[in-house]
Amino acid sequence: MERYNKLLTAILLAGATFTASADSIKLEVGAWTAGTGDADTETHYFDKFTFSSFDPVSTYLDPDLSAGLQNGTPVMVFDTATDITVGLLNVDPLPVPADTEGFNDFSGYKITADYELAGFAGFVDGSGGGSLDGTLDGEALGATFLDGYFKLYIQSIGAGGVLGAKTEVLMIDGITSVANLSGAEISLELNGDVTSVLAGTIFRELPIGGKTDLKDILDDAAPDLVIKAKADTEFDGTALPTPPAAPKLIGDFTTFQKDFFFANSGGATLAAALPALQVLERTTTLTSANLEFSVVPEPASLALFGAGLFGIGFAARKRRQS
């Protein structure tokens with residue numbers, strides 16, 4: 001696991017970020033507003049989604065039984081969150097009067113998200129002393145993610161607050177991460193490719209090839225372009241993971257997690273390895289997280305934000321199914 005130790009430290013402390021400016025987009029929510037709102041069924045243009053506070057769960061596994069976090073060796077980590085609620089569509093300046101299809105009062109509809117991430121985690125020195133001894137003497141527990149997906153949903157809010165069925169409107173895949181470490185606080189940036197969009201739902205303010213619907217841009221309007229997604233947040237790296245309240249069973253893990261474990265543990269299956277694995281968990285409250293999109297050229301140098309990660313032998317991912 002020494003190579004993971006060096007990789008984790010190098011990536012977390014590098015602080016590389018994707019700098020393309022966010023595109024201005026809007027949502028068409030007529031299918032979910034059930035006649036509520038103002039005269040139209042579109043939001044104003046905005047540059048990012050801002051999520052309400054949520055509590056992702058991190059699960060840590062030690063695939064080579066090296067005592068993992070106790071001795072400072074990075075271990076495998078899965079990060080999962082479901083039903084994250086969008087609390088704001090960031091528009092500057094706010095329109096007057098406020099558009100009731102957007103902002104804090106989502107009139108008649110709700111936007112939520114789910115995600116799964118996988119990578120490696122370990123203690124990173126934030127004090128500059130070069131120590132990686134697995135204690136919190138100026139260090140923080142950070143992670144670098146090598147794969148993941150993110151799904152965005154819209155659902156209607158009916159009479160009495162009854163929620164309609166979730167409709168998936170966007171999928172981001174192949175998520176990787178970069179981070180900036182400052183003491184115990186870690187600023188995390190996640191980058192990935194938009195791989196599917198529901199037609200007639202998300203529109204770009206500036207057309208590309210005469211098209212503004214992100215579905216059209218993704219499919220055929222711009223074959224030499226790619227829609228990149230970037231999420232950013234901050235978290236406290238000082239909270240240590242602890243053993244779960246009950247032993248983890250193979251049914252507690254998703255197909256995505258099982259596939260990642262198999263691809264990154266020498267071909268061992270999680271089902272076979274789980275009885276001997278050290279398993280730890282941590283719940284982290286994130287009070288600020290944003291999501292934005294950019295349509296950019298796709299030369300080799302921009303094919304993946306974290307391209308350097310994929311030269312170290314990690315196996316290709318399998319596409320996730322709903």
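**Aromatic pairs and burial in the model**

Q: Why does F120 count as buried?
A: F120 has 2% relative accessibility, and buried means under 20% relative accessible area, exposed over 50% and partly exposed in between (1.4 Å probe, protein chains only), so F120 counts as buried.

Q: What kind of model is this, and what do local features need?
A: The model is predicted, with local features needing pLDDT of at least 70 and side-chain atom pairs 80 or more, while totals for chains, interfaces and linings use all residues. Numbering starts from 1 along each chain as its sequence is written, and side-chain values use heavy atoms, without hydrogens or water.

Q: What makes G200 partly exposed?
A: G200 has a relative accessibility of 31%, which lies between the 20% and 50% limits, so G200 counts as partly exposed. G200 is found in the loop between β8 (185-197) and β9 (202-208), and its C-alpha atom is separated by 6.4 Å from that of D213, 13 residues apart along the chain.

Q: How many aromatic pairs does the structure hold, and what makes F49 and F293 edge-to-face?
A: There are 8 aromatic pairs. The rings of F49 and F293 lie 6.3 Å apart, centre to centre, with 90° between their planes; ring centres of Phe, Tyr or Trp (its six-membered ring) must lie within 6.5 Å, and planes under 30 degrees apart count as stacked, over 60 as edge-to-face and the rest as tilted, so this pair is edge-to-face. F49 lies in strand β2 (residues 48-51) and F293 in strand β13 (residues 289-297), so the pair ties together parts that are 244 residues apart in sequence (strands being DSSP E runs of at least two residues, helices H or I runs of at least four, numbered from the N terminus). Both F49 and F293 are buried.

Q: Why is the pair of F120 and F260 called tilted?
A: The ring centres of F120 and F260 are 6.3 Å apart and their planes stand at 50°, so the pair is tilted. F120 belongs to strand β5 (residues 109-125) and F260 to helix α4 (residues 255-263), so the pair joins parts that are 140 residues apart in sequence. F260 is buried too, with a relative accessible area of 6%, and ring pairs link F78, F120, F253 and F260 into a cluster.

Q: Which residues touch the most other members of the largest nonpolar core?
A: They are F49 and F293, in a core of 49 residues, a nonpolar core being a set of buried Ala, Val, Leu, Ile, Met, Phe, Trp, Tyr and Cys residues joined through side-chain atoms within 4.5 Å. Apart from that core lies another, of 17 residues, among them M76, F78, F120 and F260.
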